[in-house]
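Here are my notes on this model, as numbered points. Please read them with the structure open.

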Amino acid sequence: MSQKPKPSHGLAACPGCAEPLDSGDRFCGACGYDLSAAPAAGEGPDRPTVAIGTPVNWPDAPPREPGSLSTMTQHPGDLPGTDSGGHDLPAGGAAPAAPATGPADPGPAAPGPAATGDFELAAPDPRAAVRVDDPVPAPASVPVPEAVTAPVPEAVTGAVPEAVTGAAHGAGLCVACRAGRVDTDGYCENCGHAQPRERDHMEREFGGVAAVSDRGLRHHRNEDAFAVSATTLPDGSPATLAVVCDGVSSATRPDEASAAAAEAAGAALCAALPRGTHPQQAMHEAIVAASEAVNSLAEKAADGEPQRNAPACTIVGSVVADGLLVVGWVGDSRAYWVPDDRTAPAARLTEDDSWAAQMVAAGLMNEAEAYADERAHAITGWLGADAYELDPHTVAFKPDRSGVVVVCTDGLWNYAEGPADMARVVPADAADHPLHGARVLVGHALDGGGHDNITVALVPFAVPPQGAGSA
């Protein structure tokens, strides 16, 4: 999420407090709002994700079922599943976004990007229908023992410099030419390219899941972070997970916020899944844990002063376990489904908490109009002490074919926004070689301009053999 100094912000009033501004201001004199975080019109894909500074009077949301967690049922494209309230998501193709002059969709599904074509799906697993405010029984095929015997690994995070592979000085290949060795002075022996700082480029592969994070070409630091890990359920079956977080550049210490959130969410999932917690419930709890970790970074304001500009980030995570694919998020980081069989449609599994998504969901704009607006990437949901409320979104799917889940920040999806676009740039062997696939995707964003920090994790999903588990 970029935050470039600009000589003129082009704003008449502060987005945070409506204080009148002069053209040369870089910060609001009343509330301290960083005006360089506001994207200029016509700037292309370099649209930083920023928190909206004041509440927005959105149109009334579509009606929802009692007990559901979100004001909108998330729209996953052509991959059916259940939402966080336990209700079935629509199967098959979804209706296109309504034109700007048309009425809002009265149904429970918010309009959004949808893949075309049919996606065959096995019968929905009743265990996927979970309400996070109720006690969640363990899956029928996964008995919960009195004592957990499975090991509980620590999530491998992408925010600890000491654990970086391939970027530390004196180790690994050059990130520029991929041929020369890096000397102890931090330069490639082959091409002489100076290597990035440890957090500028991070790579992890653990238990069949992999992630890569890169600073990009326009930023002075990397404000993204991730966690990847693998563990086992109580019956010994495997579970893999990935969490990706994107620091909000208009907030203070966004790099610390993303690192804290990724570490807390990864640790929570690694602790909950071996206990027999349903993956969708575990994902909800992990997002809550991440939120608490980010909240703890906020500095207390002096008596009588409001809390301002607290550390903040977005989060998206995925768990593959026991034949289920679970996704959870807050903000505009995304997850995509890309099947191994590329003749089958890909799908976007998340719906942004953003101004553009709100406009489309309300039927006030179509997607093309909303995402062309300079306000498109202003987020309406994030983790942080100054967030309006915490509303974790979770969805659960049971695909009938193998594929890979792409978990990423907007630094990638700005260059491959639609499901079909993402499927075209994901290597065909990504499920077998996830680290290589993640590197290719980061390279795609860098080749496109690298305007933002780029982070992507790949989580392979294999259909369980017939007669095994929940298949």
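1. A term first: contact here means heavy atoms within 4.5 Å. By that rule, Leu-269 touches Leu-241, Val-243, Pro-274, Ala-282, Met-283, Ala-286 and Val-319, with residues up to four places away in sequence not counted. Keep in mind that this is a predicted model.

2. The overall picture. The chain holds seven helices and 16 strands. Of its 471 residues, 55% count as buried. Take the contacts with a separation of 6 or more: residues 24 or more positions apart account for 68% of them. The accessible surface comes to about 18,700 Å², and 53% of that belongs to carbon and sulfur atoms.

3. The largest nonpolar core. This core has 34 residues. Leu-269, Ile-315, Val-319 and Leu-383 have the most contacts inside it. Two or more residues each come from strand E6 (224–232), strand E7 (238–247), helix H1 (254–272), helix H2 (279–295), strand E8 (312–321) and strand E9 (324–330). H1 gives the largest share, nine residues.

4. Ser-318. Is this residue buried or exposed? Ser-318 counts as buried because its relative accessibility is 0%, and the cut-off is under 20%. Ser-318 sits in strand E8. Its side chain reaches the backbone oxygen of Val-326 at 3.4 Å. Leaving aside neighbours within four places in sequence, Ser-318 is in contact with Thr-240, Leu-241, Ala-242, Met-283, Leu-325, Val-326, Val-327, Val-405 and Val-407.

5. Helix H7. This helix runs over residues 434–447, 14 residues in all. From first C-alpha to last, H7 reaches 20 Å, close to the 20 Å expected at 1.5 Å a residue. Its buried residues are Pro-434, Leu-435, Gly-437, Ala-438, Leu-441, Val-442 and Ala-445. Why do they lie on the same side of H7? They cover an arc of only 165° around the axis, so they fall on the same side of the helix.

6. What covers H7. The cover over the buried residues of H7 includes strand E4 (201–206), strand E5 (209–214) and strand E15 (403–408). It also includes helix H5 (410–413), helix H6 (419–425) and strand E16 (454–461). After H7 comes Gly-449, with a positive phi near 135°.

7. Backbone points to check. Most residues other than glycine have a negative phi. Arg-253 is not a glycine, yet its phi is positive, about 45°. Arg-253 is found in the loop between E7 and H1. With 26% relative accessibility, Arg-253 counts as partly exposed.

8. Asp-322, a residue other than glycine, has a phi near 55°. Where is Asp-322 found? Asp-322 is in the loop between E8 and E9. Which class does its accessibility give? Asp-322 counts as buried because its relative accessibility is 12%, and buried means under 20%.

Technical notes:
Residues are numbered from 1 along each chain as its sequence is written. This is a predicted model: local features need pLDDT of at least 70, side-chain atom pairs count only at pLDDT 80 or more; totals for chains, interfaces and linings use all residues. Side-chain values use heavy atoms; hydrogens and water are left out. A nonpolar core is a set of buried Ala, Val, Leu, Ile, Met, Phe, Trp, Tyr and Cys residues joined through side-chain atoms within 4.5 Å. Buried means under 20% relative accessible area, exposed over 50%, partly exposed in between (1.4 Å probe, protein chains only). Helices (H or I, at least four residues) and strands (E, at least two) are DSSP runs, numbered from the N terminus. A polar contact is a pair of N or O atoms within 3.5 Å; within protein, one must be able to donate a hydrogen and the other to accept it, and residues adjacent in sequence count only if both atoms are side-chain atoms. The expected span of a helix is 1.5 Å times one less than its number of residues. The arc is that of the directions from the helix axis to the C-beta atoms. Accessible areas come from the Shrake-Rupley method with a 1.4 Å probe; for residues, only the protein chains shown count as cover.
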